[in-house]
Every structure is written in structure tokens, then in C-alpha cells.
Amino acid sequence: MSNIQSQSAEKPQFYLEEDHHPEGSTNLGFWLYLMSDCLIFATLFATYAVLGRNYAAGPAPADLFDLKLVAINTAMLLFSSITYGFAMLQMERGAKQETLFWLTVTGLFGLAFLGIELYEFHHMIHEGATPQRSAFLSAFFTLVGTHGLHVTFGIIWLVTLMVQVSKHGLIAENRRRLMCLSMFWHFLDVVWIGVFSVVYLMGVVG
Amino acid sequence: MTTNSTSHEDAHEAHHAHSHGHEAGHGSFKSYVTGFILSVILTAIPFWLVMGDVLDSKVATVAAIMIIGAIQIVVHMIYFLHMNTKSEGGWTMMALIFTVIIVAIALVGSLWVMHHLNTNMMVMSPEMMKNLP
């Protein structure tokens, strides 16, 4: 609380209009953004579903995918989801250091996910399975790459918010921002369920 | 200015505490852990089915993957995204239902149209060409 009062002198103007826009409307607006993002992924999933078997005599999913790696990747994203949940619980308690700790853990799991995914992409491209090789690989790299880009921007957003929280504390604005990133992060985990089910598992089953 | 925004802050805190129940819930430790455990189980089963080559039928394996995946998405929606019919006066649920319908049309429609396109674009032999009306 003392932190909040010491900051209040330099509060930006938009803060004063806060009570005309209750926190709920931001949540709904952000939810609508997530739903439109969901449509982007739906079109990419549809593209993959249509083109996923057009190998052009190139490698098939069973030749390329290492399910152990995908399982580790899935675990990384799942762990990051629950650690973000713990960060939100600490935020509710108003515990700044604990919130920052769990956000750091979340970011590290996110980075591990990205690292494994980049390793997988690098390995595939090294073997000649580039996006240009076949319609299946174009659709694969677009779908999984778009998800990876979302995770990348999620991590950038996470670091930005960690700086904000460490500078200004858990003020109402930062709570709202953390809430939005929470929805974004869990949404990415939901999309990943679709990716590992449709692309990796069904691809290997054939 | 300072006192003004401080009292505003208090008012906002009170508003926040008051309206807590009406907003998208933040979940509890128990609900996050429940969701996590359910997710781990629902992730492990399809990976086990595929990596262990458990089921003989490919169709059964694919059906199991899809059903378990759908259940896991619902689990994430409830325990991690805190979806319910009451948040924002039901508008988040409305937006979700609308999105699910659009996604279903996009996915099923694409597959349906492209399947028929592929079926009707079979390579034609000269004999078939001759017999065309």
C-alpha cells in the first residue's frame, strides 16, 4: 500500500478514468482478442488438416517427429501454465517477490519450450525437411511456427511485466496486465493441446 | 492531486474486492492443482497410446486422441482460464460459443470441400475421357 501511495503523484492521466471502465471490460475485450486469435489458429489447423498428407514424396510425420521430444515440450508448457497460476495466486495475496519468482519460473519453462522447439526445427531443416519441401511441411511450419511466435511474444510480454511489477509493485494496472497475460498464456497451452494431438500424435499414427 | 488519487485508489480497491465474485474468477490453489493433475493424466494417456502402440486399430487410436484432447481443452478452460457462464454477464461464454461454431464450420467445411475436390479430381485415363458426356 505504501508503495502505491508513493507512486500516486506520477500516475498517468488514463488511470483517473479507471472507474468509468471497470476492470471487467478489459477482461472481456481481451477475451474477444483471444477468440479472434483462436480463429487464426483454426484456419491454420484447417490448412494442416487438408494438406497434412501431401508429402510430395518427401518425409512423412513418422519419419520426422520424435515423440519423446514432443512429450518433454508438452510438459514444459504444462508446467509453465501451473507456475503462472501460482504467480496469479501470489498476486492475489499481494506478495510481490513471490509473484516475481513464479513469473521467472514461468518464463524459464517458456524458454525451455522454445529452445526445444527451435532444436526440433533446426534438426528437421538440417535433414532437408524445410518448409519448401512439401505442402505438409509448409502447413506444419506455419502452424507450429505461429504457435512458437505467440510463445515468444508471450515471454517478451512476461519480461516487460516483470520489470513493471518490480518498479511499480502490484498496482491495479499491473494486476490487470498480469490477468491478461495469464489468459494469453493459458490460451497458448490450449492451442498446444490441439497441436500435439492433431499434428504430432495423429501424424505418427498415420 | 495526491490525496485525490489515493482516495480513488482506496475506492478502487473496495470496488475490486466487492466485484470480485462477478469477474472472471482467479481460481484457488486447489483448482489449479486439480486442473494440472487432470491435464497431466489427459496428456499422458494419448502419448502412451501412440508411443506404446497400445491399440491395434488406427481409427480407435485417432478417435481416442481426439476425444481425450477435447476433454483436456475443456479442463484447461475451466481450471486455468476460469470459464463459467456467469463471468461478464455471460458474454465470454457467448463469444466462446460463437467462436466454437465458426471454428467447427471452418474445420469441417474445409475438410468436406477438399475431400470432395480430391475425390472428383481423380486422374483420368484416356478411356474415361472418351466416355465423358
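Reply: Helices and strands are DSSP runs, numbered from the N terminus. Read in that way along the sequence, chain B has the pattern α-α-α-α-α. Please keep in mind that this is a predicted model.

Me: How many helices and how many strands does chain B have?

Reply: Chain B contains 5 helices and 0 strands. Its domain assignment gives domain 1, residues 29–82, and domain 2, residues 88–122. The centres of these two domains of chain B, taken over C-alpha atoms, are separated by 22 Å.

Me: What share of the residues in chain B is buried?

Reply: A residue counts as buried under 20% relative accessible area and as exposed over 50%. In chain B, 32% of the 133 residues are buried. B:Thr43, in helix H2 (residues 29–51) of chain B, is one example: its relative accessibility is 8%, so it counts as buried. The side chain of B:Thr43 also makes a polar contact with the side chain of B:Gln72, at 3.0 Å.

Me: Where in chain B is B:Asp53 found, and where is the place of B:Glu88?

Reply: B:Asp53 is in the loop between H2 and helix H3 (58–79) of chain B. B:Glu88 is in the loop between H3 and helix H4 (91–120) of chain B.

Me: Is B:Asp53 buried or exposed, and does B:Glu88 count as buried or exposed?

Reply: B:Asp53 counts as exposed because its relative accessibility is 62%. B:Glu88 has a relative accessibility of 16%, so it counts as buried.

Me: Now to chain A. How is the span of a helix such as H7(A) read?

Reply: One compares the distance from the first C-alpha to the last with the span expected at 1.5 Å a residue. H7(A) has 34 residues and reaches 48 Å, close to the expected 50 Å. The helix bends by about 30° at A:Phe196. H7(A) is followed by A:Gly206, which has a positive phi near 95°.

Me: Why is H7(A) described as largely enclosed by the rest of the structure?

Reply: The description is given because 31 of the 34 residues of H7(A) are buried. Consider A:Val190, which lies in helix H7 of chain A. A:Val190 is buried, with a relative accessible area of 9%. A:Val190 and A:Ala42 are 148 residues apart in sequence, and their C-alpha atoms are 12 Å apart in space.

Me: What should I look for around a buried charged residue such as A:Arg175?

Reply: One looks for a salt bridge, in which a side-chain nitrogen of Lys or Arg is within 4 Å of a carboxyl oxygen of Asp or Glu. A:Arg175 lies in helix H7 (residues 172–205) of chain A. A:Arg175 is buried yet has no salt bridge; A:Glu92, the nearest side chain of opposite charge, is 4.3 Å away.

Me: Which backbone oxygen lies 3.2 Å from a polar atom of the side chain of A:Arg175?

Reply: It is the backbone oxygen of A:Leu170.

Terms used. Residues numbered from 1 in each chain as written. Chains lettered and ligands numbered in written order. Predicted model: local features only at pLDDT ≥ 70, side-chain atom pairs only at ≥ 80, totals over all residues. Heavy atoms only, no water. Helix = DSSP H or I, 4+ residues; strand = E, 2+ residues; numbered from the N terminus. Buried < 20%, exposed > 50% of the residue type's maximum accessible area, 1.4 Å probe, protein only. Lys, Arg positive; Asp, Glu negative; His and termini not counted. Polar contact = N/O pair within 3.5 Å; in protein donor to acceptor, adjacent residues only side chain to side chain. Domains from an automatic or database assignment. Expected span 1.5 Å × (residues − 1). Bend = angle between axes of the 7 residues up to and from the residue.
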